[in-house]
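Here are my notes on the model you sent. Please read them with the structure open.

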Amino acid sequence: MRAALRFPWRSLPAKLVSSVFLTALVASLAVAWLSAQSIQSFLHDKIDRRLPSILQGADERLSSWYSQLELDLRTFAASATIRQNLDALRTRGPGGEVEQYLSYVLERFPQYRSLILLGSGGEPLFRVGDELNLTDELRARLTEAAESGAGDVVEIDGNRVQFVSATIADGDDHRLASLHGVVDLSQVEAVLGKIPLGKRGGVFVVGGSGQVLMSVPADAERTRYQRPRPLPGALPAVEVYDSEAGEAIVGSAVRFGRFGWTLAVEESYDQVSAPVAAVVREALIFDIAIALLCCVAVAQIARSIVKPIRELSDAALKVAAGEEGVAFPTDGTAEIGVLARAFSEMMERLRTNSIEIEENRIAIEDANSRLIKQNQELQRVNEVFLQLSITDDLTKLHNHRFIQEHLPREMKRSIRTGEPLCLILIDIDDFKQLNDRYGHSVGDAVLKRTAAVMNEVVREMDLLARYGGEEFALVASQTSLEGAQGLAEKIRLAVSHARFPVVTLDGPSEIRITVSMGVATFRGDEKAFFNDADRALYRAKDAGKDCVMTADEGAEGL
């Protein structure tokens, strides 16, 4: 007993506390290490999937954006306003309807810095927007690349720009000129900026020689991409490497086939691994705290166990020393009561914790229910927004964007099934004079009323849309050219018989309007399909208006 007092670490309480502490500490560290390894493995697996997913999203966004850009410019180049005024542009110089049309396009499509019109030999005809110093060599390259759409990034006057080109041809597909849009690269960076990244992550567009063309976020100091570029068609691989500044980086890259570019994404390794470090640190602190609490509890239990043993030992020593009347302790069985009370308190705490856990579970279920309702409401709102995006605000018909998406599907279906498909372009005659005479409010009312009149005539299977200004487009599925002519004639008569009330300085009155219509049938060529309808519409205008024309026949009614 005296030895235990001289060497307290040899006592039973000390041994119990030390054993429990070491056991709890080793077990806690093992659990923390296993947890960290599992979390790190899970995080690395998530990174291996996340970075290629980011690259795939960037590839799809850029491909879709450039495809839309090329489609828009081909649409602008196919405008009759440009084609019919080329001779006047060459003889009288800039101005007139071409300047108004291209200025309107540049205002409505901010992705272009300027629009340039070149002749068939590369000679400059007209430009709107920023002025660029185009060399003869560059103009020749643009003229040759007019059929290829978007080109690579070039540097002009210290600025990096990109050209999107389209050919302007007559009805026989003879090249008359070419239209070239100068793309604002900040618009491309804005597309990449929508990609979700970490706080210290970045996406880079790398050119064919390794130069950094664009980056999000913008990094003026990053001029070259030092990593080996992936082969075309190769799957993106995630790698860990050091940046030029010596920072550990997690990155991946994939080839962007459209221009031979490379798309690269990088994130800071410290930021990526920060969740693992935080979990390990918190787990270690938590485990050590548990070990200390266990030691305190064991010390209390050990003292309560050792006390009756020590009293018994002291009583035995007194007996050995010959003392009389030594009283042995009789409350040795009280330790069972202590254990019982400890277990009772532990069960009470467990019951309290169970109640709290159940309350938390109910609260979580309520929160999940509210979240599901909010997601459903958000989905409904998104559906409304989608409908608004394809609907013309004034006439409540489908808009230009919807018909551009709908028409290719109908053409593919016609090719697959062999069923006929027709396109009717409708233009209100003398609409500008009507606006000038009665005002734009009357013009808007006429557009709404005209749309309503035509909508009553067309069939449910037809698609009627406002194509732009006073022009409408009607896609007639499963309809022959003769059937489409008949449908167009019904629409023409319905509009010509309609009355449009107006209020002038002389009081209320009614006006009549007429429409000119061009009908074309699909023969397997998308470009020729639209050009035939457009040419037929202009034939109707030239024939005196208020009539239905095809691309190759005379008027169908006056």
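How many bridges join β3 to strand β4 (residues 159–169), and do the two run parallel or antiparallel? Five bridges join them, and the strands run antiparallel. Two strands are taken as paired if DSSP finds at least two bridges between them. Helices (H or I, at least four residues) and strands (E, at least two) are DSSP runs, numbered from the N terminus.

1. Basis. This is a predicted model, in which local features need pLDDT of at least 70, side-chain atom pairs count only at pLDDT 80 or more, and totals for chains, interfaces and linings use all residues. Residues are numbered from 1 along each chain as its sequence is written, and side-chain values use heavy atoms, with hydrogens and water left out.

2. Overall content. The protein has 14 helices and 17 strands. Of its 558 residues, 39% are buried; buried means under 20% relative accessible area, exposed over 50%, and partly exposed in between (1.4 Å probe, protein chains only). Contact means heavy atoms within 4.5 Å. Of the contacts between residues at least 6 apart in sequence, 60% join residues at least 24 apart.

3. The five-stranded sheet. β3 and β4 belong to an open sheet with the order β2-β1-β5-β4-β3 and antiparallel pairing. Its edge strands are β2 (124–129) and β3 (150–156), each pairing on one side only. Neighbouring strands are turned by 25° against each other on average, direction ignored. Helix α7 (residues 185–192) lies across β3, β4 and β5 (175–183), at about 100° to β4. Axes here are lines fitted to C-alpha atoms, for helices over the stretch in contact, and angles run from 0 to 180 degrees between N-to-C directions.

4. Strand β6. All five residues of β6 (residues 202–206) are buried. G202, F204 and V206 point one way, while V203 and V205 point the other way. β6 is joined to strand β10 (residues 261–268) by five bridges in the antiparallel sense, with V265 as the bridge partner of V203. β6 also pairs with strand β7 (residues 212–216), again antiparallel, over four bridges; there V206 has V212 as its partner. The hairpin of β6 and β7 has five residues between the strands, and G210 in this hairpin takes a positive phi near 95°.

5. Helices α11 and α12. The axes of α11 (residues 431–438) and α12 (residues 440–457) come within 7 Å and cross at roughly 135°. The two helices are therefore oblique to each other; angles under 35 degrees count as roughly parallel, over 145 as roughly antiparallel, 65 to 115 as roughly perpendicular and the rest as oblique. The contact is made by F431, L434, N435 and Y438 of α11 with H440, V442, G443, V446 and L447 of α12. By class it has six nonpolar, three polar and no charged residues. Ala, Val, Leu, Ile, Met, Phe, Trp, Tyr, Cys and Pro count as nonpolar, Asp, Glu, Lys and Arg as charged, and the others, Gly among them, as polar.

6. Q478 has a phi near 50° and sits in the loop between β13 (471–477) and α13 (481–497). Q478 is partly exposed, with a relative accessible area of 46%. D546 has a phi near 55° and lies in the loop between α14 (526–542) and β17 (548–550). At 17% relative accessibility, D546 counts as buried.
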